[in-house]
Amino acid sequence: MEEKKVPRHVAIILDGNGRWARSKGLPRNAGHVAGAKNVENICRAAYDLGIRYLTVYAFSTENWTRPEEEVDALMSLLRDYMKNCLGMAKKNNMRCRVIGDRTRLDADLQERIKKLEEASAGYDGLTFVIALNYGGQDEIVRSVRKMLVDAAQGRLTPDELTTERFAEYLDTAGIPEPDLMIRTSGEQRISNFLTWQLAYTELYFTPVPWPAFDRAELEKAIEDYSRRDRRYGGLEQQ
């Protein structure tokens with residue numbers, strides 16, 4: 001029997017918290033709480049299945065347009081999550097990184113992110129990447145700004161700019177591009193998530209809302225990925 005191909009890096013758009021809550025007659029924020037609790041379960045499952053990098057879309061640059069009450073509740077939940085993630089990272093030997101524009105976040109949340117990244121930097125299990133106040137287009141613009149500063153100061157010339165060099169300016173520098181992107185809850189678009197990095201990524205969409213997405217659903221996604229022929233320029237990936 002052919003060995004199953006396991007993606008090295010999986011990215012997930014955590015969609016459907018509100019719809020899951022509504023289907024159960026619960027307030028919308030209850031769905032966000034349930035979704036946050038599900039993250040650790042999927043982190044453990046991902047590592048057990050052989051995935052080395054897991055990136056989740058936790059809060060987008062567009063999420064600020066949601067009702068103020070919901071945004072405040074999400075920020076409060078993220079504060080608690082960053083604190084709890086310290087213990088989760090230690091228990092699971094998990095390195096944590098946060099990508100996105102931190103400057104709009106409150107100072108205390110920025111400090112919690114810094115502590116989490118520093119405390120987990122030496123762990124060598126799953127690398128867990130949290131996209132927080134993240135937008136793919138925003139990331140590219142911020143990266144170009146940094147690149148232009150380097151060019152103005154003589155550290156970068158036009159001839160030195162390649163796709164590989166540009167990737168060094170992205171939030172995800174040093175992280176391999178995703179092999180598989182999963183979106184839960186039925187929507188079939190990438191919604192400004194990892195716009196640059198998903199250029200050759202396999203896409204998988206499931207109607208299952210994020211709070212109900214469990215290990216069995218992750219295995220279904222990997223099975224689907226395993227059956228695909230990965231091709232670059234018309235050639236199958238070796």
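Mentor: One cut-off to begin with: angles under 35 degrees count as roughly parallel, and over 145 as roughly antiparallel. Keep in mind that this is a predicted model.

Trainee: OK. At what angle do helix 2 and helix 3 pack?

Mentor: The angle is about 20°, and the axes are 11 Å apart. Helix 2 covers residues 28-48 and helix 3 covers residues 68-92. The two helices are therefore roughly parallel to each other.

Trainee: Is the crossing left-handed or right-handed?

Mentor: Helix 2 and helix 3 cross in a right-handed sense.

Trainee: Which residues make the contact?

Mentor: From helix 2, Arg-28, Asn-29, His-32, Val-33, Ala-36, Val-39, Glu-40 and Arg-44. From helix 3, Glu-70, Ala-73, Leu-74, Leu-77, Tyr-81, Met-88, Lys-91 and Asn-92.

Trainee: How many of those are nonpolar, polar and charged?

Mentor: Eight nonpolar, three polar and five charged residues form the contact of helix 2 with helix 3.

Trainee: Switching topic: where is Arg-142?

Mentor: Arg-142 sits in helix 5, residues 136-152.

Trainee: Why does Arg-142 count as buried?

Mentor: Because its relative accessibility is 14%, and buried means under 20%.

Trainee: What does the side chain of Arg-142 make a polar contact with?

Mentor: With the side chain of Asp-138, at 2.8 Å. Setting aside neighbours within four places in sequence, Arg-142 also touches Gly-100, Asp-101 and Asp-171.

Trainee: And Glu-217, buried or exposed?

Mentor: Buried, because Glu-217 has 13% relative accessibility. Glu-217 belongs to helix 7, residues 215-226.

Trainee: What is Glu-217 in contact with, leaving aside neighbours within four places in sequence?

Mentor: Thr-206, Val-208 and Ala-212 are in contact with Glu-217 on that basis.

Trainee: Now backbone angles. What is the phi of Asn-93?

Mentor: Near 55°, which is a positive value in a residue other than glycine. Asn-93 lies in the loop between helix 3 and strand 3, the latter being 95-99. With a relative accessible area of 30%, Asn-93 is partly exposed.

Trainee: What about the phi of Ser-191?

Mentor: Ser-191 is not a glycine either, and its phi is positive, about 50°.

Trainee: Which loop holds Ser-191?

Mentor: The loop between strand 5 (180-183) and strand 6 (202-205). Ser-191 has a relative accessible area of 28%, so it is partly exposed.

How values were computed: Residues are numbered from 1 along each chain as its sequence is written. This is a predicted model: local features need pLDDT of at least 70, side-chain atom pairs count only at pLDDT 80 or more; totals for chains, interfaces and linings use all residues. Side-chain values use heavy atoms; hydrogens and water are left out. Axes are lines fitted to C-alpha atoms, for helices over the stretch in contact, and angles run from 0 to 180 degrees between N-to-C directions. Helices (H or I, at least four residues) and strands (E, at least two) are DSSP runs, numbered from the N terminus. Angles under 35 degrees count as roughly parallel, over 145 as roughly antiparallel, 65 to 115 as roughly perpendicular and the rest as oblique. A crossing is left-handed if the near helix is turned anticlockwise from the far one by less than a right angle, and right-handed if clockwise. Contact means heavy atoms within 4.5 Å. Ala, Val, Leu, Ile, Met, Phe, Trp, Tyr, Cys and Pro count as nonpolar, Asp, Glu, Lys and Arg as charged, and the others, Gly among them, as polar. Buried means under 20% relative accessible area, exposed over 50%, partly exposed in between (1.4 Å probe, protein chains only). A polar contact is a pair of N or O atoms within 3.5 Å; within protein, one must be able to donate a hydrogen and the other to accept it, and residues adjacent in sequence count only if both atoms are side-chain atoms.
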